[in-house]
Amino acid sequence: APGGGSHWILSPASVYVFPRDIVGGERTFSVAAATLTFLDQNSFDFNAWVRHGLGWLRPADEEERRRGVQQRIDEVRRLKQSASAAVPPLEGAGGADAVPLDIPSGVDRVVVDAARAEIRAWLASSSRRPLEIPMENAFQRLLMHTVIAQEFPQVYSHSSRRAGERFLCVYRSQAEVYNEQLAALEREMEVIDAEVGVRSIFDEITRGSKPLVGHNCFYDFLHLYQTFYGDLPDNIQEFKSSWLQLFPQTLDTKYLAEAHELLVGLQPPATLKALCDFMAQAAAQSQGTPGGPLPVSFEVNSLPDHEYRLPWLDAADSVAEPSATRAPAEVAAAPPPGDDPDLAADASHEAGFDALMTATVLVHQIGQILGKKRLPWEQLDFGPLRRRAADEQRLALSRALPLSVNRIRLVRAQPNVVNLSGTDDADMSRHFLMSGYPPSWKKWDLMKVWSPLWVGLSYIDDTSCWVIAKNEADAANIQRIYNMIEEPQFRLSTYEEHRASQDQAGTAR
């Protein structure tokens with residue numbers, strides 16, 4: 001975009017995912033009553049979920065299905081090759097001289113006689129197209145195969161199904177039968193392609209090694225893996241290894257807001273909606289100042305049957321010129337007549353809307369970081385991980401955000417971060433437990449203690465928190481600062497010391 005900015009086209013969407021039965025198995029799941037209540041309170045359409053929700057196949061299920069179909073394809077091809085080497089039947093053999101099969105009077109006799117007449121008329125014609133006779137009854141199709149083998153040995157028959165309708169198909173050559181069987185098996189492969197369903201979206205992200213972004217998303221990632229890929233491994237290291245093979249670049253906007261040294265000073269709010277509004281306002285207020293955020297603009301490209309409004313639009317308009325943050329004609333449409341604009345603009349907990357907010361938060365966060373580092377947007381590469389030349393100017397996401405990529409915030413856990421791309425004990429060397437400080441201390445009071453260092457803070461309660469250094473050098477300086485305080489109003493422990501005290505307390509019990 002002009003002026004060193006960037007323009008982002010956002011295409012949020014929301015799809016219902018329903019565990020449809022797969023061949024050879026019935027799917028079951030359990031759900032908490034509180035979850036159903038929460039979904040109902042947030043406009044979840046249970047009827048649309050059941051009727052139109054998309055299914056999926058795990059990779060192992062997909063591979064098993066494809067292997068079975070491919071084995072049948074290979075077998076038919078071998079049979080076709082063997083048949084092509086065999087002596088073909090004489091043209092016109094059988095038919096008139098064959099002894100008709102005796103069929104008792106009744107409905108089956110009527111169907112067989114009608115099919116005989118169709119076959120004789122087809123043989124007498126010059127048509128080279130297969131004869132297709134609709135026939136839903138399985139016994140009647142089986143009976144007709146016997147009739148054809150005895151009375152019309154010069155032709156070949158095969159049962160076929162298309163669009164839910166059953167046919168008895170008659171061919172002039174065996175090769176045509178095999179071709180039809182191969183075509184049916186190829187259609188089975190296409191059905192498997194469709195049954196992969198929602199997982200195909202994540203497969204595209206994996207193929208392109210694109211970043212996967214969430215907000216406070218560790219449970220979401222666990223659920224994503226268990227639903228679409230396989231049962232959760234027995235330990236966290238196995239999960240990390242499996243996850244990184246699928247998604248080597250993961251970002252958590254919640255962790256970025258709380259731990260990145262260039263963002264924590266903004267003191268952003270905790271919830272996604274509040275953080276989204278806050279980051280848009282912060283960008284609009286400080287844009288154009290030295291070291292301020294890089295300019296960004298957004299465009300909502302709503303997909304069919306989806307319509308979204310930029311969640312921070314109204315907040316940004318109150319503090320910035322429209323051209324500074326957006327192109328007015330490119331944002332989402334106005335709310336329907338009679339609707340409350342504030343309610344229409346806030347659909348929190350709807351999946352597509354939350355994705356839209358998460359995307360705008362990440363763009364503003366990176367804009368803040370690049371602006372403070374005096375780096376242009378063009379220097380950041382969102383592409384796949386690759387080997388780079390020593391003199392290459394573009395930075396991989398993992399290099400631009402070395403302590404943020406693949407760090408995911410944990411809920412109700414201490415420390416509250418997991419490093420998906422390394423061992424957590426190594427990452428914890430930058431974490432210090434700060435405890436016993438006065439409950440009246442606010443975030444700024446805690447930050448002043450470690451000045452001039454920029455540190456991340458992760459609260460435990462009113463009198464304790466984790467202090468997170470941005471690198472090993474700052475970790476050493478935190479300890480030096482603490483040792484220089486003559487009468488500290490708090491205690492400071494390294495992660496190792498904290499673990500040792502926990503182990504000792506457990507042994508004492």
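Is Ser209 buried or exposed in this model? Ser209 is buried, with a relative accessible area of 18%, where buried means under 20%, exposed over 50% and partly exposed in between, calculated with a 1.4 Å probe on protein chains only. The structure is a predicted model, in which local features need pLDDT of at least 70 and side-chain atom pairs count only at pLDDT 80 or more, while totals for chains, interfaces and linings use all residues. Residues are numbered from 1 along each chain as its sequence is written, and side-chain values use heavy atoms, with hydrogens and water left out.

The protein has 20 helices and 15 strands; these are DSSP runs numbered from the N terminus, helices being H or I with at least four residues and strands E with at least two. Of the 509 residues, 40% count as buried. The accessible surface comes to about 27,700 Å², and 53% of this belongs to carbon and sulfur atoms; areas come from the Shrake-Rupley method with a 1.4 Å probe, and for residues only the protein chains shown count as cover. Among contacts (heavy atoms within 4.5 Å) with a separation of 6 or more, 70% join residues 24 or more positions apart.

In soluble globular proteins, nonpolar side chains tend to be buried together. The largest nonpolar core contains 33 residues, of which Leu251, Leu370, Trp377 and Leu401 touch the most other members. Two or more residues each are given to this core by α10 (253–259), α11 (272–286), β7 (296–300), α15 (351–373) and α16 (397–400). The largest contribution is that of α15, with nine residues. A nonpolar core is here a set of buried Ala, Val, Leu, Ile, Met, Phe, Trp, Tyr and Cys residues joined through side-chain atoms within 4.5 Å. Apart from neighbours within four places in sequence, Leu401 is in contact with Leu251, His260 and Ile369.

Leu131 belongs to strand β2 (residues 131–134) and is buried, at 11% relative accessible area. Its C-alpha atom is separated by 5.0 Å from that of Val170, 39 residues apart along the chain. When residues up to four places away in sequence are not counted, Leu131 touches Glu118, Ile119, Trp122, Leu168, Cys169 and Val170.

Lys240, in helix α9 (residues 236–246), counts as buried because its relative accessibility is 2%. The side chains of Lys240 and Gln237 are joined by a polar contact of 3.2 Å; such a contact is a pair of N or O atoms within 3.5 Å, and within protein one must be able to donate a hydrogen and the other to accept it, residues adjacent in sequence counting only if both atoms are side-chain atoms. Asp474, in helix α19 (residues 472–484), is buried at 9%. Beyond neighbours within four places in sequence, Asp474 is in contact with Leu453, Trp454 and Ala469.

Most residues other than glycine have a negative phi, and most peptide bonds are trans. Ser209, in the loop between α7 (199–207) and β5 (212–214), has a positive phi of about 50 degrees although it is not a glycine. Asn216, in the loop between β5 and α8 (218–228), likewise is not a glycine and has a positive phi of about 55 degrees. Asn216 counts as partly exposed, at 29% relative accessibility. The peptide bond from Ser451 to Pro452 is cis, with omega near 15 degrees, and Pro452 lies in the loop between α18 (443–449) and β13 (456–461).
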